[in-house]
Amino acid sequence: MSFGVATDFFSKVLYRSERRAVKPLRFRFSAVIQTVLILLIMLSSAESFAAAASAEPCINCGIIPQESLDKGITPEGFDELNTNNEFKDIKPEEVGKGRSILKQKENKEQSPAPPPSPSKPEESLFERYISDSSALEVSTKLKPFGYDLFNNAIVNSSQDLPVASDYIIGPDDEINILVWGRINGQYTLTVSREGMIHFPNIGPINVSGMTFEEMKKAVTRRVKNIIGTEISITMGRLRSIQVFVLGEVKKPGAYTVSAMSTLTNALMLSGGPTGIGSLRKVELKRDSKTVIKMDFYDLLLTGDKSKDLRLHNGDVIFVPTVGSLVGIAGNIKRPAVYELTNISDLASTLELAGGIIPTAYTQRIEVERFEGNEKRIVIDINAKDTKAAGRFKLQDGDLVKITAINEKDVNAIFLHGNVKRPGKYEIKAGMRLKDILKNESDLASETHLEYGLIKRLRPPNMEPELMPFNLRKLFSGVQGENLPLASQDSIYVFSEWFFREKPKVTIEGEVRCSTENGMVPVTADKGDSEDSAGEKKTGKEVRYKRCDFELQKNFTIKDLILLAGGATKDASFEEFELYRTDPGTKIVNTMKLNLAKAMESDTANNILLKEQDRVVVHSVREMSPKQFVMIKGEVTRPGNYEYASNWRVSDLVFAAGNLLESAFFEEAEIASGVVEGRKSYNINYRKINLGKAMAGDPAHNVALRPHDSLYVKKIPEWKEEMFVSITGEVVFPGQYLIKKGETLSSVIERAGGYTDRAYLKGVVFTRESVRLLQQKNIDEAINRFEQKLLMHSSESMQKALAPDEAKQLQGVADQRMALMTKLRAAKAIGRISINLDTLERFKGSVYDMALEEGDSLVIPDRPDQIQVIGSVHNQTAFVYDPKATMSSYIKKSGGLTRDAEKKDIYVLKVDGTALGYSSGWSGIKWDSSLKSWTTNSLMAQRLDPGDTIVVPEKLDKIAWLKETKDLTQILYQIAVTAGVLLVAF
């Protein structure tokens, strides 16, 4: 299924499901069907996507295009083209195409022909234009200038700031006065509401309305009247004032600030202007008059704070709506949206934005304008003409775009690749290739001398032209290779590894392969595995590593081993293997050499390596592998341990961390494998006394052999703790630790016995093993029922002819699915019905059973209701009446409905049993459980508190259930075994 088809089908499914959702359904299960359909569609779509992805290589995903491989570019060369900025303007196919052109030219063995005709452009002219986004694209994502000042602004308290000399003294200000000389003292005086301070021994002094400097002089004069007294005056806690910040601010309202606060402080407290609030016309109103209008651009652009006046009590700061707005985008120092206070020309607005930057193309500045609320126009301005920029007046809503200079360096050629000095070079008249690449000294090492490439863009369409050359012939003086150069040419010189894979050698086995030594990991061969450390593990459990290294000049076996980190401690210094591959036939031959002599630089063994050589260093364990013994059971660290020839049982136990407290000392078991005649392997068992073995008795502390297994047994029934739960009406409810075989009556006694509110008929006893068995029976019954429904649905759908009939059958199928969901929601609780009695009579009875781990007993208090559910007119609960019969409770519920199935009525007893209609004689009989004479009629039965009467519905009222005659039996079974009340209809 294609993605488009799947999407269309998905939409139709959702549409139909939405339409079905508004219809009243008895079983709303359509969501499940929808979910299944959607999952199938998604899976199908995912397969389509996977197939599409596998059909074409993904260059950006690191997959090498087939055309690049066909042109002989190696993976290293392909990575270099994709990652090195030197090659950003050339494509792998162009490199390959240039090589093909050079090969054709060399095969013809002719003098250099005129440059080949321009190749077909790989991309359109427009695509090449937009590839230089810095020149053609101007981002119009502009922020209003200056509003960042108020983002996350933190306004510090003005109490800690120095008091200015022009600060106006007012009520509630504190004045600190220190006097010394004839009178010594320190006073903190508060200005009263009348503007007075009361100076001890001097009297009141009126300071209200004075500046801080004037107040100091006035107080000093009064104090100086006291001969020989000096005075120091400072301000203490300053008074608070209330100001109002209104208009287009984020949090308008009244603010209490320090009397030292300014207009800016209050505006920051309010969060600053909104998006439509002005920054250039903020008004400070005092006594119904505008004191000043502050332009925050003066503060932001020049640091001028002269209009940031100190606030007075009752001042109003008003922020009007913003004025004319223009946007300046592109190659300007501060791209943003600016507010204009009056009609501004383009030149002054560009200066407001910080001025243009050197990359700006000023010959054409684009202005987008909304004209007369009718249309949008574009105006081009030549800003090199300063008079024209000064004459052009901007309007509200103008967007000024300043693009970058689009031309590249007009007098340059570009040298890229495997050279010592890549970069730009000035083009001069008559310049040729050899003026840039004079000789091999200009090249970096490992340069591919057989091929270089010039890429030239031919005007007017700037189509690429490829001009290959041979560096070796160029330096040899072949005239035809010294090509003439033109402006904007790009010269590419390649490494020899662009077209030939680097030669490598491999070493594996008992070497360290340290990553610090330049190790390149190699994936393990198929059939082998790797552990968490990346080490390779063969079927013989011999662990070794494998890694590749680049083949260097005069590279010997000793060099390779040292580069790989040296041999491991398990390395065999006898024979090792060298696998050599013939480059032509690919036939592999092997040589056996001596590692010790090779490391001593013996020329016969320390030979020079060739490409694709593989060295294998063997382990001494291959001749004498490690041997192990095993210990399991009651020890601290069970597991495998390397075998030591003098080990005995006590040594292995000590190595395993010694015995646990639960270890059984009387007996342990040793299993030994014996190979007989190298034809069969048999296991023999020995039993020893572990206690005597640990004491050193040689008869039990026997010597171990390789691969022996020692099993330390556990003391029987060691700490096999079992807990049961008893809750409800017992004296001490909770969890109790029991011993094996302890009975229910014993735990009840330990719990203090019953309380006087215990209702013994309603006890609930559950057991986990019984719950699992009950759940299994329920699931099997539901599965059988589901198979019948599915079989019947399949047959019905096959017989459906008309669309309406098929749609009706689909609705029936949905109802069946809903029924199955409801049935599967019933979970068994593992209840066992027991008759609990007084402890004297219950102890030793058939119900006084042995307990198991996890058993639970709940003894409720006496309920006071009888519940009636199902096909009655009023499903409800009634107060228990000891004289009332089942028939009377049904009458109280309004009686049976027309669809009630009378013969299937049953009672779910409070003790977990169920009582239904019985067949046979309906006379009077003694009911031992009720301990009274009763009739055999169900309707005449007297019920117990907590019983529930269940009245099922007739199945033949539902057409699709006529064939499922055993549904009532299934519901009945679930109700009894699950301990739930389940009415399907």
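Gln-612 sits in the loop between helix H15 (595–599) and strand S28 (614–617); helices (H or I, at least four residues) and strands (E, at least two) are DSSP runs, numbered from the N terminus. Before I continue, please note that this is a predicted model, in which local features need pLDDT of at least 70 and side-chain atom pairs count only at pLDDT 80 or more, while totals for chains, interfaces and linings use all residues. Residues are numbered from 1 along each chain as its sequence is written, and side-chain values use heavy atoms, with hydrogens and water left out.

Most residues other than glycine have a negative phi. Gln-612 counts as partly exposed because its relative accessibility is 37%; buried means under 20% relative accessible area, exposed over 50%, and partly exposed in between (1.4 Å probe, protein chains only). Lys-586 also has a positive phi, near 65°, and lies in the loop between strand S26 (575–581) and strand S27 (588–594).

Let me turn to the chain as a whole. It contains 23 helices and 45 strands, and 39% of its 985 residues count as buried. Of the contacts with a separation of 6 or more, 64% are between residues 24 or more positions apart, where contact means heavy atoms within 4.5 Å. One example is Leu-142, in the loop between helix H7 (133–136) and strand S1 (174–181). Its C-alpha atom is 7.3 Å from that of Gly-327, although the two residues are 185 residues apart along the chain. Beyond its neighbours within four places in sequence, Leu-142 is in contact with several residues, among them Ile-328, Pro-335 and Leu-399.

Next, please look at helix H8 (residues 212–224). Its buried residues are Phe-212, Met-215, Ala-218, Val-219 and Val-223. Seen down the axis of H8, they fall within an arc of 130°, so they line one face of the helix; the arc is that of the directions from the helix axis to the C-beta atoms. The cover over these buried residues includes S1, strand S3 (196–199), strand S4 (203–206) and strand S5 (229–235).

Now to the strands. Strand S31 (residues 663–676) pairs with strand S32 (residues 680–688) in the antiparallel sense over nine bridges; two strands pair if DSSP finds at least two bridges between them. These two strands form a hairpin with three residues between them, and Gly-677 in the turn has a positive phi of about 60°. S31 also pairs with strand S33 (residues 709–714), again in the antiparallel sense, over five bridges.

Finally, how many salt bridges does a search of the whole structure find? The search finds 35, a salt bridge being a side-chain nitrogen of Lys or Arg within 4 Å of a carboxyl oxygen of Asp or Glu. One of them joins Arg-580 and Asp-613, whose closest N and O atoms are 2.6 Å apart. Arg-580 lies in strand S26 and Asp-613 in the loop between H15 and S28, so the pair ties together parts that are 33 residues apart in sequence. Both Arg-580 and Asp-613 are buried. Elsewhere, salt bridges that share partners join Lys-761, Lys-909, Asp-944 and Asp-947 into one network.
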